[in-house]
Amino acid sequence: MPTDISIEQLKKRFAHHPHFTREELLGFYRSVEPDLGESTFAGRIHSLKEKSQLKPIRRGVYTFSTKPQFYPQVEPKLREIALKLNKAFPVARKCVWSTQWLNEWMIHQPGRFLLLVEVEAVATESVFYYLKDEKYKNVYLNPDENLLDRYIHEESESIIVKLLVTKAPLEKEQKIYTPSLEKILVDIFVDRKLFSAFQGSELVHIFNTLYSTYALNITKMTAYARRRSKDQELIDFMAKNTLLSELLSK
């Protein structure tokens, strides 16, 4: 990065811009270096992103925001399940999470929780029977609406084994894979029956609270939603109901 444009100067220039485009950033660079080439500029963007100084929030749109990344507290039972599955199914792609994580982002606090175990298609049934054999209670495989209404939504805690969508965005912490915030938001939007406690005004509140608190990547969200054939529906929802509309209009 050239000495005449420091990260402090960049932040000062865009201090009143919660986000800005690639073209706006290039324009600022060329105001100082008129002959700056495209490949050199691309290299500088890459360097800033590598150092976590520039954060992409969608394709061609960035921020210098200091919003933190979300790192979930994986409770002991969920950690135990994850580590057992790592040992029993070392090759299968998988992730675990709990709907209890959503509590801090909600208006009303639900008293019932789901532990989600998401696994690639070839291993879902094997993982389901493995957890049953390990004597875990209230374990369900891809439950339908009838099971949800009659049993799962009445239990204080259930373990749901479900399909992990190909290329779903995951995070890894201490050998345990968990969904990214972008994936969680898309899933509770798409799987409305499974996540019925998080719909309506709660869904809007969760989206807005997460956007205000953590760094989110809109491109990652819409790409994953596209894999679930719900990208346009998600975009329409965010544009009409949430604070994320300001990112979509950029």
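Which residues of α7 are buried?

A: The model is predicted, and what follows is computed from it. In α7 the buried residues are Leu181, Glu182, Lys183, Ile184, Leu185, Val186, Asp187, Ile188, Phe189 and Val190. Because 10 of the 10 residues of this helix, which covers residues 181–190, are buried, α7 is largely enclosed by the rest of the structure.

Next, the sheet. An open sheet is formed by 4 strands, with mixed pairing and the order β4-β5-β7-β6. The edges are taken by β4 (94–98) and β6 (139–141); each has a single partner strand, so one side of each lacks a neighbour in the sheet. From one strand to the next, the twist averages 20°. The pairing of β4 with β5 (residues 113–119) is antiparallel and extends over 5 bridges. Within that pairing, Trp97 has Leu116 of β5 as its bridge partner. Helix α4 (residues 76–88) lies across β4, β5 and β7 (157–163), and its direction is at about 170° to β4.

Glu155 sits in the loop between α6 (145–150) and β7. Glu155 is buried but forms no salt bridge; Arg112, the nearest side chain of opposite charge, is 8.5 Å away. The side chain of Glu155 does make a polar contact of 2.6 Å with the side chain of Ser158. Leaving aside residues up to four places away in sequence, Glu155 touches Arg112, Asn138 and Tyr140.

Technical notes:
Residues are numbered from 1 along each chain as its sequence is written. This is a predicted model: local features need pLDDT of at least 70, side-chain atom pairs count only at pLDDT 80 or more; totals for chains, interfaces and linings use all residues. Side-chain values use heavy atoms; hydrogens and water are left out. Buried means under 20% relative accessible area, exposed over 50%, partly exposed in between (1.4 Å probe, protein chains only). Helices (H or I, at least four residues) and strands (E, at least two) are DSSP runs, numbered from the N terminus. Two strands pair if DSSP finds at least two bridges between them. Axes are lines fitted to C-alpha atoms, for helices over the stretch in contact, and angles run from 0 to 180 degrees between N-to-C directions. Contact means heavy atoms within 4.5 Å. Lys and Arg count as positive and Asp and Glu as negative; His and the chain ends are not counted. A salt bridge is a side-chain nitrogen of Lys or Arg within 4 Å of a carboxyl oxygen of Asp or Glu. A polar contact is a pair of N or O atoms within 3.5 Å; within protein, one must be able to donate a hydrogen and the other to accept it, and residues adjacent in sequence count only if both atoms are side-chain atoms.
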